[in-house]
Amino acid sequence: MTVLVFLDSAYPDGRIADAGQPQLKVTDTGITRGDGIFETMLAVQGAPRKLQAHLARLATSAEALELDVPASSVWERAITTALAEADDDGELVVKLVATRGEEGAGATAWVQVSPLPKELRGQRLKVLLLDRGYDSTVAQRAPWLLMGAKTLSYAVNMAALRYARAHGADDVIFTSSDGKVLEGPTSTVLIARVADGVKRLITPQLESGILPGTSQGALFATAREAGWELGYGPLVPEDLFTADGVWLISSVRLLAEVESIDGKPVATSPELTKELGALVDAVS
Ligand code: PLP
């Protein structure tokens, strides 16, 4: 069952709405232009994971779009209402959405809580490298492209995933036109290198215009405490093939090991996947 709670100034804890009924006007700019932002997080036993990191990224996305969204405390109250209404002790997907709303009327914002999609976890991924079509310095040159903001305009990301599935793969790692590894359509790329007893976890550098992953950020914090060295790109495709392990990480699917890229096997390590998986689970 999906629970819907609108952020509405007349309802301090949010206004519960029927997810089975139409709730938005067709003229909402979130629909007509994909003009808005979102966050997706996991809730476990009624508690959202990494809530502050998601709210902080929502605020950064809102700033990039010059979108006036409700304060974090208002989102928090609506999330609490939605999770209480869902009343589920297991795992749930919590989505926060804010659109620019009707022309001139201010943002439309809501929280949606839904069941976890089935068969999401523990999969080993076949991945395709796909060209994202811009170079890795575009974020600095062209702020209007909203690189690094989590906007509603995910049609390209979804098209890349469909392309991968049509070509026998499960997921995608985007590359820049100057040959750098970027991110997945809905995930952050991680590689591990182990040498002389030193374990190193590396992710592409944020300056390449990728979304700062809250899962990668939280994992890096716990991995550092567990003795891992950390590194931030730049990475090129060759680095993926010479790594001791490659993963895609995100808030709902969590850590997913990559087994092949463009049909070529990459190193896999059940030990490293188990160790990193435990560090991911330790994040609250
Ligand atoms: N990169 C992109 C483009 C994403 O859409 C996502 C999540 O959906 C991520 C990275 C991973 O972010 P997070 O770990 O915060 O879920």
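By the rule applied to this predicted model, in which a side-chain nitrogen of Lys or Arg has to lie within 4 Å of a carboxyl oxygen of Asp or Glu, the count comes to 13 salt bridges. Side chains of opposite charge can pair when their charged atoms come close. Three of these pairs can be followed one after another.

One of them is formed by Glu 103 and Arg 33, whose side chains meet with an N to O distance of 3.1 Å. This pair links distant parts of the chain, since Glu 103 sits in the loop between S5 and strand S6 (108–115) while Arg 33 sits in the loop between helix H1 (29–32) and strand S3 (36–44), and the two residues are 70 residues apart. Glu 103 has a relative accessibility of 58% and therefore counts as exposed, and Arg 33, with a relative accessible area of 55%, is exposed as well.

A salt bridge also joins Glu 259 to Lys 126, with the closest N and O atoms 3.1 Å apart. Because Glu 259 belongs to strand S13 (residues 254–261) and Lys 126 to strand S7 (residues 125–131), the pair ties together parts of the chain that are 133 residues apart in sequence. Glu 259 is partly exposed, its relative accessible area being 25%, and Lys 126, at 37% relative accessibility, likewise counts as partly exposed.

In the pair of Glu 229 and Arg 200, the side chains meet in a salt bridge with an N to O distance of 3.4 Å. Here Glu 229 lies in strand S11 (residues 229–232) and Arg 200 in strand S10 (residues 198–203), so that distant parts of the chain, 29 residues apart, are linked. Glu 229 counts as partly exposed at 38% relative accessibility, and Arg 200 counts as partly exposed at 31%.

Other charged residues form a surface patch. Glu 85, Asp 87, Asp 88 and Asp 89 gather on the surface in a patch of negative charge, and a residue can belong to such a patch only if it has over 30% relative accessible area and no salt bridge. Asp 88 is found in the loop between helix H3 (72–86) and strand S5 (91–99), and with a relative accessibility of 34% it counts as partly exposed. Asp 87 has its place in the loop between H3 and S5, and this residue is exposed, with a relative accessible area of 68%.

Most residues other than glycine have a negative phi, and most peptide bonds are trans. Against that background, phi of Asp 87 is near 45 degrees, a positive value in a residue other than glycine. Glu 66, which is not a glycine either, has a positive phi of about 50 degrees; this residue is found in the loop between helix H2 (51–64) and H3 and is exposed, with a relative accessible area of 70%. As for the peptide bonds, a cis bond with omega of about -10 degrees joins Gly 233 and Pro 234, and Pro 234 is found in the loop between S11 and helix H7 (237–242).

If residues up to four places away in sequence are not counted, Leu 161 touches Asp 170, Asp 171, Val 172 and Pro 185. The C-alpha atom of Leu 161 is separated by 9.3 Å from that of Thr 186, a residue 25 residues apart from Leu 161 along the chain.

Ser 269 has its place in the loop between strand S14 (264–265) and helix H8 (270–281), and with a relative accessible area of 11% this serine is buried. Leaving aside neighbours within four places in sequence, Ser 269 is in contact with Asp 244 and Glu 257.

Helix H8 itself holds Leu 276, which counts as buried at 0% relative accessibility. Apart from its neighbours within four places in sequence, Leu 276 is in contact with Leu 201, Leu 219, Trp 228, Trp 247 and Leu 255. Leu 201 and Leu 276 are 75 residues apart along the chain, and their C-alpha atoms are separated by 9.7 Å.

Notes
Residues numbered from 1 in each chain as written. Predicted model: local features only at pLDDT ≥ 70, side-chain atom pairs only at ≥ 80, totals over all residues. Heavy atoms only, no water. Patch = residues over 30% accessible without salt bridge, like charges linked within 9 Å, V, L, I, M, F, W, Y side chains within 5 Å. Areas by Shrake-Rupley, 256 points an atom, 1.4 Å probe, with all protein chains shown as cover. Lys, Arg positive; Asp, Glu negative; His and termini not counted. Charge placed at Lys NZ, Arg CZ, Asp CG, Glu CD. Helix = DSSP H or I, 4+ residues; strand = E, 2+ residues; numbered from the N terminus. Buried < 20%, exposed > 50% of the residue type's maximum accessible area, 1.4 Å probe, protein only. Contact = heavy atoms within 4.5 Å.
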